[in-house]
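Have the model open on your screen while you read this.

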Amino acid sequence: LALRAVRAAARSGLATLIVRLFFANSVRTHFRLLIESLRAEPAAEAPAPALPRPGGAGAASGEQVAIFRGCTTPVLFPEVMQAFERCLARLDLAVADPSSQVCCGALLLHHGDIESARRLARRNIEAFEAHDGVILVEAAGCGAALKGYGDLLADDERYAARARRFAARVRDVGEYLAARLPAPHEAAAASMPAREMGDAAPLLVTYQDPCHLRHVQGVAAAPRRLIDALRGVRRADAGEADLCCGSAGIYNLLEPEMSQRLAERKVVQLAATGAQCVITANPGCRIQLAGRLQREGIAMQHLVELWAARGAAAAASEAEPRRPGE
């Protein structure tokens, strides 16, 4: 409910008015740009295909996965969740979507409310124990929190072993897709007209590493391999790729002045690539940067949005990844 209220206030202009009236001059621009990141209407998306359920028709491979939805993306960026579902619908998977899953607890952990985060962790462990396979996450902050459940509940006699098993199942969706790109995509790519494959000007993108993905989960190469596998897309690397954008959970709300400095530094590096679009894998990074990038004429997308739109023209995962610029 709180996130829906924030989204409505951002889109109605109420949030901007509140910032103008009650926030200090030194941070007004920072908060206005965060609001701008939430105001843009997403491009019209085709509805996501129905996901094959465990044991149901359409799961030809017999492989099962489970989706962790989180709190922020479904409310603030529903188009990302639709793209996430379209990516999975292309694969021969049985997809579980536990209805009893709850918040991952990441923002509570950022704020030091450890006991509340543990309560949520226990509920998620129980929700996903009934389903087999890896647990796929599209938000880097959620993925970091979920992969940390083993440490979070290490002293809980009832849940410690269950938490370790749960954490071992968690995968970022980019990590998963990069490793498991299915053969049907190779056939689709081979059948595309030459103009679509190479004659049209490629889309130039750069990848923004979420800290919770690169530094906490150690996932940096996989999203880049996934981008490099796409036909009609060229990747340019930004300087200081491992530098935080300044979002950092709720840091951009609690320490807006330093957060603003980090964001401005990051935007300079991203814009210097000449990219038309910045790709990321975390809603926090998108909130922090999208409004600022928009002022530079640069779009921002989640990795699954790029993949859902262009993945049918991808090379197979076994193929040699193309180097940026090739």
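What follows is a plain walk through the fold, its spaces and some residues worth a look.

**Ground rules**

This is a predicted model, where local features need pLDDT of at least 70 and side-chain atom pairs count only at pLDDT 80 or more, while totals for chains, interfaces and linings use all residues. Numbering runs from 1 along each chain as its sequence is written, and side-chain values use heavy atoms, with hydrogens and water left out.

**The chain as a whole**

You'll find 19 helices and eight strands in the chain. Of the chain's 326 residues, 50% count as buried. Buried here is under 20% relative accessible area, exposed is over 50%, and partly exposed is in between, using a 1.4 Å probe and protein chains only.

**Helix 3 and its two partners**

How do helix 2 and helix 3 cross? The axes of helix 2 (residues 14–22) and helix 3 (residues 25–39) come within 10 Å and cross at roughly 175 degrees, which makes the pair roughly antiparallel. On the helix 2 side, the contact uses Ala15, Thr16, Val19 and Arg20, and these meet Arg28, Phe31, Arg32, Ile35 and Arg39 of helix 3. By class, that contact has four nonpolar, one polar and four charged residues.

Helix 3 also packs on helix 18 (residues 283–295), with axes 7 Å apart and an angle of about 95 degrees. These two helices are therefore roughly perpendicular. His30, Leu33, Leu34, Glu36, Ser37 and Leu38 are what helix 3 brings to this contact, and their partners in helix 18 include Arg286, Ile287, Leu289 and Arg292. The residues involved divide into six nonpolar, five polar and four charged.

A word on terms: axes are lines fitted to C-alpha atoms, for helices over the stretch in contact, and angles run from 0 to 180 degrees between N-to-C directions. Under 35 degrees is roughly parallel, over 145 roughly antiparallel, 65 to 115 roughly perpendicular, and the rest oblique. Nonpolar means Ala, Val, Leu, Ile, Met, Phe, Trp, Tyr, Cys and Pro; charged means Asp, Glu, Lys and Arg; the others, Gly among them, are polar.

A cavity is a set of points on a 1 Å grid over the protein atoms alone where a 1.4 Å probe fits but cannot get out; a pocket is an open set with protein on both sides within 12 Å along at least five of seven lines, and lining residues have an atom within 4 Å of a point. Points are joined across faces, edges and corners, and a volume is the space filled by probe spheres set on them. The whole structure has two cavities of 30 Å³ or more.

| Space | Volume | Lining by class |
|---|---|---|
| Largest pocket | About 1,000 Å³ | 31 nonpolar, 12 polar, three charged residues |
| Second largest cavity | About 40 Å³ | three nonpolar, four polar, two charged residues |

The largest pocket is lined by 46 residues, with Leu3, Leu76, Gly249, Leu253 and Ile287 nearest its centre. Helix 1 (residues 2–12) gives the largest share of that lining, five residues. Around the second largest cavity sit residues including Thr73, Glu138, Arg286 and His302.

**Buried spots**

Why is helix 19 (residues 303–310) described as largely enclosed? Six of its eight residues are buried, so the rest of the structure largely encloses helix 19. Trp307 and Glu305 are among those buried residues.

Arg292 lies in helix 18 and counts as buried, at 7% relative accessibility. Beyond its neighbours within four places in sequence, Arg292 touches His30, Leu33, Leu34, Gln260, Ala263 and Val267. Val267 is 25 residues away along the chain, yet its C-alpha is separated from that of Arg292 by 7.2 Å.

**Positive phi in a loop**

Most residues other than glycine have a negative phi. Glu240 has a positive one, near 50 degrees, and Ala248 has a positive phi of about 50 degrees. Glu240 is in the loop between strand 6 (233–235) and helix 16 (251–254), and Ala248 is found in the loop between strand 6 and helix 16. Glu240 is partly exposed at 29% relative accessibility, and Ala248 is partly exposed at 36%.

Notes
Helix = DSSP H or I, 4+ residues; strand = E, 2+ residues; numbered from the N terminus. Contact = heavy atoms within 4.5 Å.
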